[in-house]
Each structure stands twice: as C-alpha cells, then as structure tokens.
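The following exercises are to be worked through with the coordinates at hand.

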There are 2 protein chains.
Amino acid sequence: MIDATITGEALIAGQAVKGTGAVLRAWDPAAGKQLDAEFFAVDHSQIDAACRAAEAAFDTFRATSDAQRAVFLETVGEQILALGDTLVERVMAETGLPRARVEGERGRTVGQLKLFASLLREGSWNDVRIDAALPDRVPPRPDLRLRMIGLGPVAVFAASNFPLAFSVAGGDTASAFAAGCPVVLRAHFAHPGTSELVGRAVARAVELCGLPGGVFSLLTGAGNAIGQELVRHPAIKAVGFTGSRAGGMALMAVAAARPVPIPVYAEMSSINPVFLLPAALDKRAEDIAAGFAASLTLGVGQMCTNPGLVLALAGPDLDRFTGAAAQALAGTAAAVTMLSPGIAGNFQRGVAQLREQPNVATVSLAPQEEGKGAPALFVTTGAAFLAQHALGEEIFGPASLVVACRDVAELLQVAEQLEGQLTATLQLDDADLEVARTLLPVLERKVGRILANGFPTGVEVASAMVHGGPFPATSDGRSTSVGTGAIVRFLRPVSYQNLPQALLPEVLRDSAPEGWRRRDGELTRH
Amino acid sequence: MIDATITGEALIAGQAVKGTGAVLRAWDPAAGKQLDAEFFAVDHSQIDAACRAAEAAFDTFRATSDAQRAVFLETVGEQILALGDTLVERVMAETGLPRARVEGERGRTVGQLKLFASLLREGSWNDVRIDAALPDRVPPRPDLRLRMIGLGPVAVFAASNFPLAFSVAGGDTASAFAAGCPVVLRAHFAHPGTSELVGRAVARAVELCGLPGGVFSLLTGAGNAIGQELVRHPAIKAVGFTGSRAGGMALMAVAAARPVPIPVYAEMSSINPVFLLPAALDKRAEDIAAGFAASLTLGVGQMCTNPGLVLALAGPDLDRFTGAAAQALAGTAAAVTMLSPGIAGNFQRGVAQLREQPNVATVSLAPQEEGKGAPALFVTTGAAFLAQHALGEEIFGPASLVVACRDVAELLQVAEQLEGQLTATLQLDDADLEVARTLLPVLERKVGRILANGFPTGVEVASAMVHGGPFPATSDGRSTSVGTGAIVRFLRPVSYQNLPQALLPEVLRDSAPEGWRRRDGELTRH
C-alpha cells in the first residue's frame, strides 16, 4: 500500500509545494458539503519553475527509447491502481459519479496508458523515412533520413467530466508523454483531491523510472489566470484542453498572441446530431427512442458526445419517436446530481432559455432540483432551426432538441448549416441508403466520427477512433484527442541530411533493429 | 502546340475573366522595362465566385480515386511542358533568372507533380485504420474504420523566388490537389505572365480530366487586400504561403480572427546557421569557404535556405575561412540582377543596416547597383550576437554574418538563442563528434533539417525532406512544405463506426484492393 494522503500541495517537478494564492476547497456535490484539504493557487514563480523544469527535462525525456517510455506509461497506470479504493472514493466524493462509473473510468485510464505503451513498442509512430543517397545522379541526391520528435513541454488542462480519463493522467497527458513531451498539468478545480492523488502517482512513476522530475508538474488552485500564464510561458510548446467553448477560445487567443505562437488542441463543444432516416424511423421508432433516452441520460448527459440534436422528417413516425422518448425519459426522469453546482446551474439555465425560444415545444421536462439535472427534450421545425442560431448551441447535460424537417431537402440544408461536430449518427435501414449517401459527404465535412445504428456516447480508445472534428468541436480538426492518433498532435518531423551514422538518432541508423521504415517512399519492415 | 497567349485575365473556375481593379504590368528586371499585357486586380465578387466554385467542387474532387488524381497531377505537368519555350522565356523575362535555372526549376516542378502522383498510387497517405468489432467484449467494441480526407478549398499564395516550383503549380498546389482540395491561387505580382501561363495549363488539365472548373482558380492583381479577403472567405479551409515574415504573420492574424479559424502554413524566414566545428575548420577552412561562397551566391542568394549565419570559434582557423571566403566572393562579386527592384532594394537596405550595427566588421562587400545584389560578408562576436537581436534578422539575398565565438560554451549559447530555422548545417570531422553531439539536441529543437558537410541550399523533393521548422521559419513547425510529407497539411481524419459496407468509402470496405491498412494498430498490406 502506498501513502495516499491529500495535502493540498502542488507538485513542481517532483516536489510537493504549497501554493501561495487563494484557497480552494473541494466540494461533494451529492452530500452538499466541503471536503478535506485546502488547495492553494500556485503563484507566478511556481508556474515558472514548473515550466522551466519541463524545458530542462525535455532533451533527457525525449532521448529515452520507445521501450523506456512504454514502461513509464505502464508504471503510471500501476501507480494509479496502487491508490486503490482511496482514489475511487475521492473521485466519487468530488464528482457525485457512482462507483461503477468511476471504476470503469479508472480501467479506461489505465487501458489508455497501456495502449500508448503498445503504440511505442510497435514503433511506426516514429515515421522513419530514408531516401538513399544517389551519388551518380546529376545533381547527386544526398542521404536523407526523417523521424518525428516531440514538440516540447505541453500544457494540459484537465476536464471536469472525466476526472480520470480526461484529467491528470488522461489522454492528453498519455499522448504527450508517449511523444516524449513533459507535461505541466493544470488541475481542474472541481476535483482537486483526485488530481493530487493521480498527480502523486504520476510523480512516483517519474521517480521509479529514473526520469527527471520536470517531466511532470501539477498546478493547483482556482481561476483562469494560472492557465493563461501557463499558456503564455515561453517554455510551453503546445496545449491540450477539454472544456467549454469560451475556455478553449480564450486559450487559443492567448496562444496566438504569444511572440512565438503555439498549437492549441482544444476539444470544446458539440451537439452530436442524430439523423433518424425515414425507413429506420418507420420500422423502429420505439427502439431508437429507448436507445436515444439511454444515451442522452448516460452520466447525467455530461458527455462531449451527448446526443443534443435529433433530425428527422416531420410526420407520424417522428411523433412515435418523440412519444416513446418522452415515455422512456419519464421512466428515468428523476433529477440526478451533476458534477458541480456550476455545471448544474448552467444546464438549468440552458434548458430554461431553450424552452423560451420561439417555435420550440416541450416534449418532456422533469422538474429540476438544485445541483441536479433532469432530462429535457424539445421539438422544433427545420425552418426554425435554420433561422434561429441559438437553437444550435450546446447545453451541457441531458437536454436534446428534435428538429422536424419538412422534407429531405430541408434535412440536408440543416445538415449543411451545422457547425463542426465531434460525431454524427445515422439511424438507417436498407431503404435509407440513398438518403444516407447524399448526407454522408456533408457529414464528412462537418464531423470527426460518423456512426450508424448506434449512439454517440461511448468513445472507444482505439487506433481508428477520431474524437475530434472541425471547429468549434475542436480548435484543430486535423487530429483526435482519443486513441493512438492523438500522439501526432505533439510531434514534428526532423530531417537529417548526410549525417554520419554516429550522430544519427538510433532509430535512423543502418544498425537500427527491425522496424517500419519508408524507403524511397515505400513502407517496409527493414 | 497549344495557345500560349497572355491576356492578363484571371481564371475563375475555368473561365478567363478580366479583373475590374487597379492595373498591374509585369517588369523585366534585367532589361529594366515593362512587359506586355495588363493584369487587373480581381474584385470582391470575383474572389467570392472563385471560393464558392472551389467549395462546390470539393465533394466531387475529393470523391475521385487516388489513381484519377494521380493522372490529374501528371496532366498538369504535361500541360506545363506543352507551354514549351514560351513559358521559359516569360519566366526569364519576369525574373531575370538564367535559362538553365528556369529549365531546371521547370523540371523540378513537373517532377514534384509526378512525386505526388506516385504518393497517391502508393496509397498509404490514406492512413486506413481498421479496428475490428469485438461483439463478445463487455461492453462490445464497435467496428471502427478511419481514413484521411481533405480539409476543403485551400488558398495558396505563390512565392516570388521560385516562379515555378513554389508558385502556381508548386508544392503547395500539388500537395493540396493530392489531398483532394481545390485551390484558389493568389498569383504573385512579380511574375503575372508566368502565373497566367501556368494557370491556364492547370485549368486545361482540370478540363482534360473532366473535373469541375472550381478545382482551380487564379486571382490576379497587386496589393495585399485580395489575399486577405481570400483568407477571410468562409469557403477557404487552409492557407499555404511562402514569403516574408511580415506577410505570413499578417495572414496568420487574419486566419485566427475568422469566426471559424483555419490553419496557415506560412514558410517565412530563416537564416540557416552553418556551424564550422573546430577540427573541420582546422583541416578544410579553404574548401569550406569555397563551398560556402557558392551556396551564398546561388540564385543571387534568393533562397529560403541561404546560409545567412556562420558560427565558429574565434581564432586563426576562422580567419583562414573568412579570408578564403572573401577571396571566393571577390571572384564572383559582380552585382547580379535580383528578382525584382523591391527585393534588390530591401537587400541593399538590409546590408547597409547590418554594416552600421555596432560590433560588426565587414569581411567582403562588393559595390551594389540598382536592381542588383552583390555578395556581402560580415563578422561579429558571440557576445555581440547574444546582445544585439538585430544581428539575427534575415537579409533576403547574398549576405551572411560570421559569428566568432569565444568557446564551445558560447557557441552553444548562441545556438540556444536562435529562433526557429529551416536548416542547420554542421561542417565537422571525426574529431568534432563530441561537440556535434552536444549541439544536436539544441538543433533538433530549433530546425527542420540538419545537414552535415554540405550546404543548406538545394532542397531535395523527396519523402524524407523537411522544409519547415519551428516559428518563425514557418507558422506551423509540425509539417513540411517540400516533399511528400506536405500532403498531411491539408488532411484530417474521419472515423466510421459500424457503417454498412455499402456506405463506407471504397478504401475502407472489406472489398478494397490490396493496400496498406493499420489493423488493430498493426500495419499490414491487407
């Protein structure tokens, strides 16, 4: 058993340090009471120390072998598991999430670390390219060899809705570590004790693996100033963020205004349209409604991929769907504790505002309670959705809007007007293939993941996952924040021309062990 | 023979259209006279028409097969060659570049188009990933398949210094086309006739291949307003630019301020440090000086990779180098016509300013003439370089500054203070390996390409090339603008979950022809 006391300290390059700023206490949203330990906001010199330590650690960290970093990632996972029930109970207390969800998310987090370890062992992430010298060509072609290296220290902002999988040792941290980038982690104020426990697990893994302490730091405290100062720091070379659109855009502005601008990977907002195509709706309106209600209320709707928009043709089949959905939601309609009073307040305000919009009718709306969220379902017309921009705004929580379109042309028009999204879902039958074919090119331009006959919640951590999508779903639709593809966000290519073997990085030498290389443009194992 | 008359028209989605704005005439910098044809600035509605046509063409263009786009790229090359000597002579007249260089650059341009065609035929750019469904897992894993698609219409800004290879049908256009992205090309005012000729060749290829006209448009006229309006247009999804730091940063600001921000790939400025390590300098000071002088004066120094900075330890060996370099430059020191009077003026101003900086001594400086550039070589100390920021600024043309460092520690300090660069060069001998090893990690963080015992000019178009590097060498150091890696700039991933085979893009179907796939994370041909 390892020591798992929560002291309220920040972790600066392996050292526990008390912040000097305003105090922050954790809140138990279910019990409605403050939790133990006082967390203090880190100050300017502490932020600076974390960033400088990360900068100093970068060359050493990125010089480790893929195998060494794989072991490090696995050790982080082991140290998280070693926290045992202390961690699970603290997460439950700080988030109101049930035990099964927290244990599941812990499994996902550890699995994610292992997946990046296997990515490192597989090795093709290095993108080794070798163009052999052609000394007899006129002019002669030099020997050219390319590999990817890390961008440098990454500022990671933890999300509130996944206190383990998108937080201190979540996907952003795992992919940055895999890329050889030190991480300065901005802890989320809503689960500071969870953050400290996991942060200490990461710091222990750094120590156990003999890495420099600067590979990881954890910044404590409330308020936006800490994060903004972090993003402005010259040592920081990229930013990973999951949170609100306003928060992400504020960081994008800070990053773009730096003397040396840096990339920001912000996963921000999505309403995840679900298209109910005519034949599927005819055949399975009630089944789809049941699945939809389950997806909408999963985790009290506090999912980036929550189905916040349903699109279909107006008519009796859609009425069957909304009727069945209302019934299903009524069956689960008790208000449930949300992650924080702030999130619950925003949700309830969003629902109230949507309800007051013209041309919006209420399908199902259970009574809300303080600090909780109860599902809400509304319906509008395609014409209203096209005319009223506010109807397309995200409400974070279990709320959704059904858009009843006049015909397929209007459905396409609504699709074409959508902002960038993480996902789009098609409920379809064989007879819907033609409509689906006209929709697909539009959806490909708008979203990161297209699903058929499922629901968007449940984001598989896998090689072929895209948890991303065009702005404003993310700040940078060229990448994913879930799955092994996430590593490319923190990499850049370096080319070596005519370097002596002794100076080449090992993976580019003639003597490198067997692995994937692109030789004169062709992929090969040798 | 094809018709190769220059009319001064813009090309909007395959239609030749006269701009309505201010007139622009081409200038022959060698003869010092205006050239035929009046080019008019396109207006708001013409820019809008080009962007809307590109948007309308996108889905059709990206739905073409890899093989079809390969043929299209090759057809562009054939149509450029079909312009014959008309093109070569117009380039020479508009740029003052000699015939051999122009013909060589034409070969490079056509070769580049062919290289991207071979990239498409090889197919692994699609990054196909397939994670098989695991129906028995708890919870079941869905079938997930990923491929890359184009970002959408790309605004490409032609460069002045490579009127073919970095202009209308240059690397940015070739890689955008390869990615399935239509291109709206902002022609460079310094070679408008060349641009029209090549633009017509591209438009003919579009027509011959049966593609929609919106796949390519060419915008004519002088001034920055056209480009800024282009980057602001909502249909544009990415920007490729090669030019000045001020120009690139202006476009970055416009792109970041859009309601929907878009990526900008600007290749901007670099002084390409050349490190002369002690043993190499001892053994080969004179040889290195000869190679350096040739690289510095190649193309009148109008190369992004021109060696504008030389770093070495102060002492008699460095004196031998500067002496020999001065002698070599004196041998070639006649002033040579530069690409435009503006470029020559900026070069001469830059040289005059550097000469007046404190702690800078002149090694070699031939008399300058109007519209021409003569090589200039200066020397300063490491301490001065560290203290005077202006000494690190790019002078576009055949000028370079030698920094004589006190010791290796100061050399490292200077390296650490450098801004991002396209290249760094090491002149080294076996006895220099240890110093080189301490320099390498610093250089990897600073530059896109590291060379040994060569010179940075001469950028191979190849799979393992990186013509990129951290800011301000480029706006986005995660990519390259030369070589096949350039395609990733215009791609994003899309994931398909449980889609019926009939709806999947062909490359993701079970029936797809043999090709590279990543199955459950492992690369395989099947």
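Two strands pair if DSSP finds at least two bridges between them. The model is predicted.

**Exercise 1.** Determine in which sense strand 20 of chain A and strand 21 of chain B pair.

*Solution.* Step 1: three bridges link strand 20 of chain A to strand 21 (residues 491–497) of chain B. Step 2: the pairing is in the parallel sense.

**Exercise 2.** Describe the contact between chain A and chain B, and state which element of chain A supplies the largest share of its side.

*Solution.* Step 1: chain A contributes 64 residues and chain B contributes 64 residues. Step 2: the elements of chain A that each supply at least two residues include helix 4 (99–122), strand 6 (144–150) and strand 20 (447–452). Step 3: helix 14 of chain A gives the largest share, seven residues. Step 4: by class, the side of chain A consists of 32 nonpolar, 16 polar and 16 charged residues.

**Exercise 3.** Explain why strand 19 of chain B is largely enclosed, and identify its partners.

*Solution.* Step 1: strand 19 (residues 421–427) of chain B is largely enclosed by the rest of the structure because seven of its seven residues are buried. Step 2: strand 12 (residues 273–276) of chain B runs parallel to strand 19 of chain B, joined by three bridges, and Phe275(B) stands opposite Leu426(B). Step 3: five bridges pair strand 19 of chain B with strand 20 of chain B in the parallel sense; Gln421(B) has Val447(B) as bridge partner. Step 4: with helix 14 (residues 433–446) of chain B, strands 19 and 20 of chain B make a right-handed β-α-β unit.

Definitions and conventions
Residues are numbered from 1 along each chain as its sequence is written. Chains are lettered from A and ligands numbered from 1 in the order in which they are written. This is a predicted model: local features need pLDDT of at least 70, side-chain atom pairs count only at pLDDT 80 or more; totals for chains, interfaces and linings use all residues. Two residues are in contact if their C-beta atoms, placed from the backbone, lie within 7 Å. Helices (H or I, at least four residues) and strands (E, at least two) are DSSP runs, numbered from the N terminus. Ala, Val, Leu, Ile, Met, Phe, Trp, Tyr, Cys and Pro count as nonpolar, Asp, Glu, Lys and Arg as charged, and the others, Gly among them, as polar. A residue is buried if 20 or more other C-beta atoms lie within 10 Å of its own, exposed if 12 or fewer, and partly exposed in between; C-beta atoms are placed from the backbone. A crossover is right-handed if, with the strands pointing away from the viewer, the path from the first strand over the helix to the second runs clockwise.
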